[in-house]
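Thanks for coming. I have one structure to go through today, so please look at the screen.

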Amino acid sequence: MEPVFTSMRLKVAVLFLLTIGLERDMTEAMQVTSSGPQTIQKGQGETVTLGCTYTPGPQDTGELDIEWSNVMPDMTQKDHLILSYSAGQTHHYGDPSFSKRLKFIADPKLGDASISLSDLRHTDTATYQCKVKRAPGVDMRKVTLVVLVPPSVPKCWVEGAEEKGGPVSLRCKSSQGSTPLSYTWRRESGGAIPPTAIPNLETGELLIKNHTDSNIGSYVCEAKNAVGAKQCKYALHAYNPTNKTGVIVGAVIGAILLLLLLLFLIWLLICCCHKRRYQKEVANEIREDAQAPESRPSSRNSSFRSVLAYRTHPGVQYSSVRKNLPSVSESAPSPIYTGESNGILKPNAAGEGRPPLNYDHRYGYPV
């Protein structure tokens, strides 16, 4: 039994010595010694310092290499290198608008690889990793930066008519600001907030169920988060209730008058249409009843000239030229009418018994 017991004691001693040696090597290897918070909250526009002090081991004799990276939330994606120090030179990577705001706060080779980021923006929220390597030692540290946006100046208003005896809801809301945002109401003048008022810290509502003159005054709302606070004011009044019956009656009368006006306009439009149609029908009837002209002026003049020929040339008889009729040269009978007395042509001996011709002023020749 003694040889077995002795062998076990030797194994335990060897394991103990190996453990001491490993711990010794670990304490003497590269170590990042920064012990600040793992999560830092800062307001937009401020400057933050991300600590990364380190202590190399006695065996770490290789070239110093420092890298700052933006750690991606998705482990399948590659981290983005943003700043490095190697061979005594500093190198920036990525967007220039971000790189110009990033720098080492001290000489990295003196044991401090901390960086500062100025003019913080909401997009700077991320997890950053510092990796210090001097062969064979290497160590790293991660820190999460959360950039908060302070609340904007809130807007104060009231929902309701501020009438006595009715509910009144004071409202407060900021359009910008990182969550969580809390809203607090206080009374600036007129005393304390009514005990019956119900505040809501998340939505910014202050509900007053039974509004009275005692609630009149100036109210202040404060919107607040971890990096800032803004205020707005509202002057609350109390008005007598409106006569709802009168309002309803007035609305009904107004609706009736509007309906009557609409009907009147429709009636006028119908009357105008009927009047235009009647005028067109009358015009058409006048055109249909108009008499045709009695005769053309040229025909009247020719008839008149033929009649005058009897008077000026009694030996010539004028007639229309037709086929198979004797011409004037073949037969020239004596004129039927000769002489004139008081505008009336007298028949000759050959034309006795024929009625005399009278001058008609309508046609311009004797008929």
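I will take the sheet, then the cores, then the salt bridges, and end with some backbone details.

First, the ground rules. This is a predicted model, in which local features need pLDDT of at least 70 and side-chain atom pairs count only at pLDDT 80 or more, while totals for chains, interfaces and linings use all residues. Residues are numbered from 1 along each chain as its sequence is written, and side-chain values use heavy atoms, with hydrogens and water left out.

Start with the sheet. When I name a helix or a strand, I mean a DSSP run, H or I of at least four residues for helices and E of at least two for strands, numbered from the N terminus. Two strands count as paired if DSSP finds at least two bridges between them. Six strands form an open sheet here, in the order β2-β11-β10-β5-β6-β7, and the pairing is mixed. Which strands stand at the edges? They are β2 (39–43) and β7, each with a single partner strand, so one side of each has no neighbour in the sheet. Ignoring direction, neighbouring strands of this sheet are turned by 20° against each other on average; the axes behind that are lines fitted to C-alpha atoms, for helices over the stretch in contact, and angles run from 0 to 180 degrees between N-to-C directions. At one end of the order, β6 and β7 run antiparallel and are joined by four bridges. Within β7, His92 stands opposite Leu83.

Now the interior. In soluble globular proteins, nonpolar side chains tend to be buried together. I call a residue buried under 20% relative accessible area, exposed over 50%, and partly exposed in between, using a 1.4 Å probe and protein chains only. A nonpolar core is then a set of buried Ala, Val, Leu, Ile, Met, Phe, Trp, Tyr and Cys residues joined through side-chain atoms within 4.5 Å.

The largest nonpolar core has 27 residues, and Trp68, Tyr128 and Val132 touch the most other members. Elements giving two or more residues to this core include β3 (48–50), β5 (64–71) and β8 (102–104). Which strand gives the most? That is β10, with four residues. Contact means heavy atoms within 4.5 Å. Leaving aside residues up to four places away in sequence, Tyr128 touches, among others, Leu50, Trp68, Phe98 and Leu145. Apart from this core lies another of 17 residues, among them Cys172, Ala197, Cys221 and Ala223.

One more residue to look at is Val48, in strand β3. Val48 is buried, at 1% relative accessible area. Its contacts, again not counting residues up to four places away in sequence, include Ile40, Ile115, Leu117 and Leu145.

Next, charges. A salt bridge here is a side-chain nitrogen of Lys or Arg within 4 Å of a carboxyl oxygen of Asp or Glu. The whole structure has six of them. In one, Asp124 pairs with Arg101, and the closest N and O atoms are 2.9 Å apart. Asp124 lies in the loop between β9 and β10 and Arg101 in the loop between α2 (96–99) and β8, so the pair ties together parts that are 23 residues apart in sequence. Are these two buried or exposed? Asp124 is buried at 3%, and Arg101 is buried at 7%.

Another bridge joins Lys164 and Asp213, at 3.2 Å from N to O. Lys164 is in the loop between β12 (155–159) and β13, and Asp213 is in the loop between β16 (205–208) and β17 (217–225), so this pair ties together parts 49 residues apart in sequence. Lys164 is partly exposed at 30%, as is Asp213 at 43%. Salt bridges that share partners also join Glu159, Arg171 and Glu205 into one network.

Last, the backbone. Most residues other than glycine have a negative phi, and most peptide bonds are trans. Ala87 has a positive phi of about 55°; Ala87 sits in the loop between β6 (80–86) and β7 (89–92) and is exposed at 57%. Asp119 has a positive phi of about 50°, and lies in the loop between β9 (115–117) and β10. Asp119 also forms a salt bridge with Arg121, at 4.0 Å from N to O.

One joins Ala135 and Pro136, with omega about 5°, and Pro136 lies in the loop between β10 (126–134) and β11 (137–148). The other runs from Thr179 to Pro180, with omega near 0°, and Pro180 is in the loop between β13 (168–173) and β14 (182–187).
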